[in-house]
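Here is a short briefing to read alongside the structure. Have a look at the model first, then work through the points by topic.

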Amino acid sequence: MDLSDLTARYEAVIRGLGSGLIITGLLNKISFINDKACELTGWNQEEIVGKSFEEIFPIVTNDQGKSGFSQDGVLFQLANSAKGTVYYLTRKDGTNFPAGMTTSSIIVGGKVAGTAIVFSDITEKLSAEKAKSDFIAITSHQLRTPLGSMRWNLEMLLSGDYGQLPQEAKIAVDQVLENDMRMLEMVNNLLDVSRIDQGRVPNLPTSTDLGDAVRQVIKELDLTAKSKAINLIYESKTICPRVNIDPKRFRDVVENLISNAVKYTPEHGEVKVVVDGNEKEFNFSVSDTGMGIPLAEQERLFHRFFRAANAIKSQADGSGLGLYIVKSYVENWGGKVWFKSEEGKGTTFYFKIPVVLQ
Amino acid sequence: MDKKYILIAEDDKFYTNIYRVKMAKLGYDVMIVGDGSQAVEEAKKRRPDLILLDMIMPVMDGFETIKALRQLPDLKETKIIILSSLSQAEDRQKAIDLGANDYWIKANMPINELGDSIQKLLA
């Protein structure tokens, strides 16, 4: 294939491309813009070729930055953008549109000689996502109202506010209550997920004693652990730091991890919680002697709605939302969550978060 | 000693029934109305020791009701609690800023905790 042949092929690809394409050279100077990119931005070839990309297309995001250009002035950085970040490109008339962008470096003789930027207008995609999140939020609220009044009525039936129930009826009401609580938890998780997806995780930080918060969760889960004869152990290596954090979110994270450990550990097993902190970071781990996570499924563990095959088989309840919520919150605090697991032996989950000084 | 008087604005018939039975069990006098404007009218007639407000109600919602109640000279110090199914942090903050003493989420607290919290407030 000779050069003119190759050029003809590339030209056909670029013409047929349904996305905008802009190619920059050294110092981010625009060297090419295709027809679709002209249509999307309102600029034409003559007006912008030779100008700097940043000058024509200042990057605007919905969360104040984290994007921009690398030090060498060439590579366009999108890779480490925060989850939920939306990039906007500015049209010639000054209006913006949300752009889905991918970039790749043009390497010539081992050096970066420019960047190819491919983009499309994702207005419709975003509005579909918003409609989905809104739907989840609205239905969840609609469900929570009746589930909540059922809860209170059932609790009142059990505590004798409507008169004493026969023993058999008490057992039945208790089971209905358990189901009601399960649905409430699911609805609460769905609401949390829809907030995470919209980048609207509620955050009401206050000075929180993290060791205290963990002990509180353990106390609440102790009864469940005892009912399975599981030894639930707490170990604090140092005095835990106070951290300026949303206590409810922190509790959600710890509760999810410990209750998972208890849930997936068979009777007479052991669950051990270890906390450790210094002036820089807070470390948490929870180890169990449970069923473990199959190696092939470990990669997908933090995905939404994902549940490992052996977890589903175990008949333990779960929505597949808990770990997704855990990961979102921990990363939101600038922390990290990970695990080590061996199928049939057990799992240890870890997370660490930086200590923000009071 | 006179019974403490609790005024409740709630439009959901299921919650209404729960409040009526539970508050009587706890030994309180209770008046339940279906929206915020009626709550304001009732509060003018007899000063409540505690006011519980739902958030989403016809005619006058929880936010507007807090505002209206706090303008009544007799009710500057009366405890007002929002009892809502909504759990948005912004709603909570807005209610507190308008003068609510606290914001409780219905579905997330056991009924006995509701009873205990009310008893503590009125002690």
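A salt bridge here is a side-chain nitrogen of Lys or Arg within 4 Å of a carboxyl oxygen of Asp or Glu. By that rule, Glu41(B) and Lys44(B) form a salt bridge, with their closest N and O atoms 3.4 Å apart. This is a predicted model: local features need pLDDT of at least 70, side-chain atom pairs count only at pLDDT 80 or more, and totals for chains, interfaces and linings use all residues. Residues are numbered from 1 along each chain as its sequence is written, chains are lettered from A and ligands numbered from 1 in the order in which they are written, and side-chain values use heavy atoms, with hydrogens and water left out.

**Salt bridges within the chains**

- Over all chains, the count comes to 21 salt bridges.
- Glu41(B) and Lys44(B) sit three residues apart in helix 2 (residues 36–45) of chain B, about one turn of the helix; helices (H or I, at least four residues) and strands (E, at least two) are DSSP runs, numbered from the N terminus.
- Glu41(B) is partly exposed at 42% relative accessible area, while Lys44(B) is exposed at 52%; buried means under 20%, exposed over 50% and partly exposed in between (1.4 Å probe, protein chains only).
- In chain A, Lys327(A) pairs with Glu331(A) in a salt bridge, the closest N and O atoms being 3.0 Å apart. These two are four residues apart in helix 10 (residues 322–332), so about one helical turn separates them.
- Lys327(A) is partly exposed at 28% relative accessibility, and Glu331(A) is partly exposed at 43%.
- Arg195(A) and Asp192(A) meet in a salt bridge of 3.9 Å, N to O. Arg195(A) is buried at 4% relative accessible area, and Asp192(A) is buried at 9%.
- A network of salt bridges links Asp192(A) and Arg195(A) with Lys248(A), Arg249(A) and Asp252(A).

**Where the chains meet**

- In contact across the interface (heavy atoms within 4.5 Å) are 21 residues of chain A and 24 residues of chain B.
- The chains bury about 2000 Å² between them, 55% of it on carbon and sulfur atoms; buried area is the accessible area (1.4 Å probe) that two parts lose on being put together, summed over both.
- Arg144(A), Trp152(A) and Asp161(A) supply 32% of the area that chain A buries against chain B, more than any other three residues.
- One salt bridge is counted between the chains: the side chains of Asp161(A) and Lys22(B) meet at 2.6 Å, N to O.
- Helix 5 of chain A gives the largest share of the side of chain A that touches chain B, ten residues.

**Cores and overall makeup**

- Chain A has ten helices and 15 strands, and 42% of its 358 residues count as buried.
- A nonpolar core is a set of buried Ala, Val, Leu, Ile, Met, Phe, Trp, Tyr and Cys residues joined through side-chain atoms within 4.5 Å. Of the 49 residues in the largest one, Phe250(A), Ile258(A), Phe282(A), Phe284(A) and Phe351(A) touch the most other members.
- A second, separate core of 24 residues includes Leu53(B), Ala68(B), Ile82(B) and Ala100(B).

**A buried glutamate in chain B**

- Glu10(B) lies in the loop between strand 1 (5–9) and helix 1 (13–25) of chain B, and counts as buried at 3% relative accessibility.
- A polar atom of the Glu10(B) side chain lies 2.9 Å from the backbone nitrogen of Asp12(B).

Methods
Polar contact = N/O pair within 3.5 Å; in protein donor to acceptor, adjacent residues only side chain to side chain.
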